[in-house]
Every structure is written in C-alpha cells, then in structure tokens.
Amino acid sequence: MEVSRPPVMKVASCSKPFQCSECDKQFRQLSTLTNHMKIHTGEKPFHCTYCGKQFRQLSTLSNHLKIHTGEKPYECSVCGKQFRQSSTLNSHIRIHSDDKYSVKPFKCTMCPKEFRQTTTLSNHLKIHTGEKPYTCTYCNKSFRQTGTLSNHMKIHTGEKPYECAVCQKQFRQSSTLNSHIRIHTDDKICKTSSSPVPVPTPISTMTILKLEDMKPLYTII
C-alpha cells in the first residue's frame, strides 16, 4: 500500500525571497515583484499625455515620451548621431569600434549572413522558419517582430503620435514624418536659393524738344 505524500510547498530561495503567486517566478526585490505582477493583472497606471498610451512602468513611459518631444539625449561621439535610449547608442557604437565588437560572431545556419547581436540573429531566423508569433487582436494578422505589430495596430486604433511641427500633419511612424519634413525643408531651400527673375525696367521716354521751344543761354549784343 502506497502512502500518499503531502504536496511540497514551493519556497523562494534566500537570494530571491519574493515569489510571484501566479507563475512562481522569483525576485530579489519586492519592487521588482510588484512591477512583474502588473503583467498578470494587466495594470498600466502610467498614461502618455500626448496619445493616451498606457504603460506598466514609469521608465517605459519616459522613453515613450521622447518620441513625441523629439528628445535624443544620447549622442555618438564618432559621427554625432543621436538616440533616445542609451542601449541603442551602445549598439550603434559597435559600428565604429575596431575592437572585438566590430566583428559579427553570430552566424545564420541557413544563409551566410552574420550579425553582431543574438537578438538580431533570432529575428532574422524567423525569415527562414516563417515564424510569426505576434498576432494582431483586431484582424489576426501575424508578424515576426513586436515593433512591426505595434506599427500595424495603429492602423486599427487610428493612433498617429508623430506630428509635423510646421503644418501639424500627423503620422503613424517616425520615418514617414521624417520623409514628410523634407517637403518643408526643400521648399525653404528653393525659396532661399532661387533668385527672382529680373523684370526689365521700362526705358524712360526721351523728351524731344523742338528748336523753337529752346531758350537761348546767352544774348549776342
């Protein structure tokens, strides 16, 4: 006869004493667990004042706001290119670097293409496998990357967070706004550089004096 054993309680380790009651994931700090719990509850208490988009963390909202304000505080010391996030700058710097980061150690097993980061390789592999794990909740269209899905969702929501500072026209993507801005800058350059066509000044009509109308300048005595 087998003796039934009581269920073993999962206890968080000493190094990670805070455990999620939903998925048993463990954390070192209570604040990290609190942020993690928002994934399960769906709570997004931080709102964007420009477009109304909601976020779970204040830091994510801060990065998002830079899209609207155009703030790019992180500048490349080599080429002067600016970025909104330090992580994007760090990835960019590897292009200029001559050290080990300049190589592309991550190779695709299906084609000769090479990459600097594993995340880029992972996204690339989805082209070969056909994997599209990110699905639109409106039309069920699937995408390989979350960024592509986010841009697609704006079609359904009508969100256009990128606004032209000149004519206030709004766009879904920053790249479309950048292309649009050239309309204004090119027009300004044309107006500045092109000299107006000179209009010929009409020749003044000469007054022809008759001999009898002329008065003598002196009198002969």
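The model is predicted, so local features need pLDDT of at least 70 and side-chain atom pairs count only at pLDDT 80 or more, while totals for chains, interfaces and linings use all residues. Residues are numbered from 1 along each chain as its sequence is written, and side-chain values use heavy atoms, leaving out hydrogens and water.

Let's start with the overall picture. You will find six helices and 12 strands in the chain, taken as DSSP runs (H or I of at least four residues for helices, E of at least two for strands) and numbered from the N terminus. Of its 221 residues, 15% count as buried; buried means under 20% relative accessible area, exposed over 50%, and partly exposed in between, with a 1.4 Å probe and protein chains only. Among contacts (heavy atoms within 4.5 Å) with a separation of 6 or more, 2% join residues 24 or more positions apart.

Next comes the salt bridge, of which the structure holds one. The term stands for a side-chain nitrogen of Lys or Arg within 4 Å of a carboxyl oxygen of Asp or Glu. Here Glu 114 pairs with Lys 107, with 3.8 Å between the closest N and O atoms. Glu 114 is partly exposed at 33% relative accessibility, whereas Lys 107 is exposed at 55%.

Finally, have a look at the backbone. Most residues other than glycine have a negative phi. Asp 24, however, has a positive phi near 70°; this residue sits in the loop between strand 1 (18–19) and strand 2 (26–27). Asn 140 also has a positive phi, near 65°, and belongs to the loop between strand 9 (134–135) and strand 10 (142–143). Asp 24 is partly exposed at 33%, and Asn 140 is exposed at 60%.
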